Amino acid sequence: MSSSDGGRWLMKSEPDVFSIDHLRKKKRERWDGVRNYQARNFMRSMAVGDQVLFYHSNAEPSGVAGLARITAPAIPDHTALDPSSEYFDPKATPADPRWSMVEVGFVEAFPRVLALATLRQVPDLADLWLFQRSRLSIQPVERHHFDLIVSLGRQGA
DNA sequence: GCCAACGTTGGC
DNA sequence: GCCAACGTTGGC
């Protein structure tokens, strides 16, 4: 896979809930349950084919576990309208569902998770959003950052 | 399990 | 519209 002209993103998931191996088995998954406006707005700006760093959060170790890509653009997140869903939002309505989700497809898993602690030691990654915006679950990634992380991840760094 | 960071809510 | 209280995220 070479660099495309599309967008590049980092998306976090807790591997106990949904890991890169879950995505590998399912091939595609709807990224529902995002309840943060900034993250939602980034999803709305995604295009099919955009590349994604799949990040394991709250993990041992936390870090980038592999690559995914966007396989369907943002549509309303129906879980916000479902009272039985843990993601139910009483303020969401069919006319204004408030929240969005994209579909993500598996691309590859790194030989091992590229740990956050390792990323922090790479000088060229010093201004990665991940370090400053640690609570933002979906964020854009600069091309040079993305390519470097992919290179390190494939090496099993 | 602790706690810092920070987004959201709600009283005023 | 400010801001204190509260809840959540996520590293360690």
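How many bridges join β3 to strand β4, and do they run parallel or antiparallel? In this predicted model, six bridges link β3 to β4 (residues 63-76), and the two strands run antiparallel. The connection between them is a hairpin, with six residues between β3 and β4. Within that turn, N58 has a positive phi of about 50°.

Now turn to the other partner of β3. Strand β1 (residues 8-13) is joined to β3 by six bridges. Here the strands run parallel. L10 stands opposite L53 in β3.

Next comes the burial of β3 itself. The strand spans residues 51-56, and six of its six residues are buried. Buried here means under 20% relative accessible area. In a regular strand, side chains alternate between the two faces of the sheet. For β3, both faces are covered. Q51, L53 and Y55 are buried on one side. V52, F54 and H56 are buried on the other.

Finally, the largest pocket. About 640 Å³ of space lies in it. β1 returns here: β1 and β2 (28-30) are the elements that give two or more residues to the lining of this pocket. The lining has 20 residues. Nearest the pocket's centre lie K12, S13, W31, D32 and G33.

Terms used: Residues are numbered from 1 along each chain as its sequence is written. Chains are lettered from A and ligands numbered from 1 in the order in which they are written. This is a predicted model: local features need pLDDT of at least 70, side-chain atom pairs count only at pLDDT 80 or more; totals for chains, interfaces and linings use all residues. Side-chain values use heavy atoms; hydrogens and water are left out. Buried means under 20% relative accessible area, exposed over 50%, partly exposed in between (1.4 Å probe, protein chains only). Helices (H or I, at least four residues) and strands (E, at least two) are DSSP runs, numbered from the N terminus. Two strands pair if DSSP finds at least two bridges between them. On a 1 Å grid over the protein atoms alone, a cavity is a set of points where a 1.4 Å probe fits but cannot get out, and a pocket is an open set with protein on both sides within 12 Å along at least five of seven lines; lining residues have an atom within 4 Å of a point. Grid points are joined across faces, edges and corners, and a volume is the space filled by probe spheres set on the points.
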